Amino acid sequence: MLSSPSPLAARKSVAATARLSASPVAMAAGVRGALPTLDHTAKLYIGGKQARPDGGNSYTVFSATGKPLGQVGLGNRKDIRNAVEAAHAASGWSGYTAHNRAQVLFFFAENLEQRGDELAARLQSLCGGSAARAADEVAQTVTRIMFYAAHADKFDGAVHSTRSRNVTLAMPEPWGVMGIVCPDEAPLLSLVSLVMPAIAMGNRVVAVPSVAHALIATDLYQVLETSDVPGGVFNIVTGERDVLAKTLAEHDDVAALWYVGGADGGRMVERASCGNLKATWIETPGARDWRSATAQGREFLQRATQIKNIWVPYGE
């Protein structure tokens with residue numbers, strides 16, 4: 001049996017430890033006669049349902065001090081394929097009116113705010129820092145969802161003039177199915193900052209959350225299930241970042257891929273996407289402050305859409 005790593009070693013390389021360790025989570029000592037603490041393993045979220053990973057494997061997520069907090073599913077290529085199929089099956093989301101998508105996102109923000117204390121406690125245990133900082137990240141997360149809900153029906157196209165007698169309309173359209181690979185920084189806020197603009201524009205998403213802080217993403221399952229988000233619109237596959245990113249990059253039915261990770265991983269995603277001409281957006285960790293205004297806005301909405309030009313001729 002593998003021995004549990006020391007708190008110091010786990011803190012130095014949480015992601016690496018989480019990737020390799022499947023040690024059982026230590027149960028908290030309870031009072032005599034109390035019910036035992038259940039050993040919780042979070043599942044994947046595919047097609048609006050919690051799903052066990054195809055390989056049946058899991059890995060341990062550690063706290064900021066190196067204490068085991070729980071286990072999450074170790075997704076593989078088959079899980080990514082299942083999530084992409086579920087996303088394609090939810091194509092009706094792209095046909096929702098922008099106003100209807102906005103209402104769903106507003107409802108999601110309301111329900112997430114109701115569980116703010118629980119999510120803040122989870123963030124503090126995973127990332128360390130003060131309770132106030134964790135609560136602030138949850139509050140910013142709610143605000144960011146509301147921002148994109150408000151912009152869902154306000155990000156419009158444009159009319160261009162041409163030399164011939166035509167009205168040229170530039171209409172933004174969703175890519176369809178997008179893959180989003182998230183960073184470790186601000187794990188809840190960065191996840192929402194990347195996924196919400198894509199969903200607001202009518203895309204369906206397969207998200208790979210932070211490896212070291214995956215439990216904050218799996219805590220969103222029940223919020224999604226009670227927020228009228230159609231199954232297959234927001235899929236979450238936990239596991240090794242670059243292994244899952246490579247599968248997304250090579251998948252012909254994923255139209256666009258956003259990747260926030262190491263430089264080597266970014267180059268791998270670019271190479272793997274060449275064969276299917278996938279639209280990619282690559283950033284390295286630390287390139288963006290997820291708590292600042294640079295982590296939201298029109299840039300995200302523009303990258304979540306493609307432009308269709310329509311020429312309408314007119315007479316004298």
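**Cysteines.** I looked up Cys182 first: this residue is buried, with a relative accessible area of 1%. Buried means under 20% relative accessible area, exposed over 50%, and partly exposed in between (1.4 Å probe, protein chains only). I then turned to Cys274, which is exposed at a relative accessible area of 53%. I also checked for disulfides, taken as pairs of cysteine sulfur atoms within 2.5 Å. The count comes to 0.

**Ground rules.** I am working on a predicted model, where local features need pLDDT of at least 70, side-chain atom pairs count only at pLDDT 80 or more, and totals for chains, interfaces and linings use all residues. Residues are numbered from 1 along each chain as its sequence is written, and side-chain values use heavy atoms, with hydrogens and water left out.

**Sheet with S1, S5 and S4.** I took helices (H or I, at least four residues) and strands (E, at least two) as DSSP runs, numbered from the N terminus. Two strands pair if DSSP finds at least two bridges between them. I found an open sheet of 3 strands in the order S1-S5-S4, with mixed pairing. S1 (41–42) and S4 (58–62) stand at the edges with a single partner strand each, so one side of each has no neighbour in the sheet.

S4 pairs with S5 (residues 68–73) in the antiparallel sense, over 5 bridges. Phe62 stands opposite Pro68 in S5. Thr60 has Gln71 of S5 as its bridge partner. The hairpin of S4 and S5 has 5 residues between the strands, and there Gly66 takes a positive phi near 95°. I also checked burial: 4 of the 5 residues of S4 are buried, so this strand is largely enclosed by the rest of the structure.

**Strand S8.** I moved on to S8 (residues 177–181), which is mostly covered, with 5 of its 5 residues buried. Which way do the side chains of S8 point? Val177, Gly179 and Val181 point one way, Met178 and Ile180 the other, and all are buried.

I listed the partners next. S8 runs parallel to S9 (residues 204–208), joined by 5 bridges. Val177 stands opposite Arg204 in S9. From S8 the chain passes through helix H8 (residues 187–200) to S9, a right-handed β-α-β crossover. I call a crossover right-handed if, with the strands pointing away from the viewer, the path from the first strand over the helix to the second runs clockwise. S8 also pairs with S11 (residues 256–260), parallel, over 4 bridges. There Ile180 has Trp258 of S11 as its bridge partner.
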